[in-house]
Amino acid sequence: MSDNYYPSLSPVKTGLAGKCPRCGRGHLFEGYLKVAPSCSACGLSFSFADHGDGAAWFVMLIVCVVGVGSVLGIEVAYSPPFWVHVIIAIPALIILPILLLRPVKGILLCQQWKTGAQEGRKV
């Protein structure tokens, strides 16, 4: 096996782990959400990374559906007082996005590298 051979890796596995989409060893992120300039293992430049708000949009969509669904489900099933909704909903709507944002951004960036996706340009 030569030094230039990299196996085909799953964007989901590498994105969830926050690893390089090419080699699967180096770190994709420098901080919590800041993308590293390049892979520390294989040297792949992460300049391709689209720093848009796609990950935030998907996380908001998921959290809103889960959050509103859980609040409505609890209301229908148990009819608790308002303070119970506050105790359940507010932490869920704050903690869930924090937990989901990095893995979702990692998956989207790894998928972007694997497919060679770029922003649209006029021809």
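The legends below describe several close-up views of a predicted model. Residues are numbered from 1 along each chain as its sequence is written, and side-chain values use heavy atoms, with hydrogens and water left out. Because this is a predicted model, local features need pLDDT of at least 70 and side-chain atom pairs count only at pLDDT 80 or more, whereas totals for chains, interfaces and linings use all residues.

**View 1. Helices H2 and H3 and the contact of H2 with H3.** The axes of helix H2 (residues 54-78) and helix H3 (residues 82-115) come within 8 Å and cross at roughly 150°; helices are DSSP runs of H or I with at least four residues, numbered from the N terminus, and axes are lines fitted to C-alpha atoms, for helices over the stretch in contact, with angles from 0 to 180 degrees between N-to-C directions. That angle makes H2 roughly antiparallel to H3, a term that applies to angles over 145 degrees. The crossing of H2 and H3 is right-handed, as the near helix is turned clockwise from the far one by less than a right angle. Residues of H2 including Phe58, Ile62 and Val66 meet residues of H3, among them Leu93, Leu96 and Leu100, where contact means heavy atoms within 4.5 Å. By class, the contact of H2 with H3 has 18 nonpolar, three polar and two charged residues; Ala, Val, Leu, Ile, Met, Phe, Trp, Tyr, Cys and Pro count as nonpolar, Asp, Glu, Lys and Arg as charged, and the others, Gly among them, as polar.

**View 2. Thr14 in helix H1.** Thr14 lies in H1, which spans residues 11-17, and counts as buried because its relative accessibility is 8%; buried means under 20% relative accessible area and exposed over 50%, with partly exposed in between (1.4 Å probe, protein chains only). Not counting residues up to four places away in sequence, Thr14 touches Leu9, Lys19, Cys20, Pro21, Gly24 and Cys110.

**View 3. Ala49 in the loop between H1 and H2.** Ala49 has a relative accessibility of 8% and therefore counts as buried. Leaving aside neighbours within four places in sequence, Ala49 is in contact with Val35, Leu109 and Gln112.

**View 4. The salt bridge of Glu30 and Lys34.** The structure holds one salt bridge, defined as a side-chain nitrogen of Lys or Arg within 4 Å of a carboxyl oxygen of Asp or Glu. The side chains of Glu30 and Lys34 meet at 3.2 Å, N to O, and Lys34, at 54% relative accessibility, counts as exposed.

Methods. Helices (H or I, at least four residues) and strands (E, at least two) are DSSP runs, numbered from the N terminus. Angles under 35 degrees count as roughly parallel, over 145 as roughly antiparallel, 65 to 115 as roughly perpendicular and the rest as oblique.
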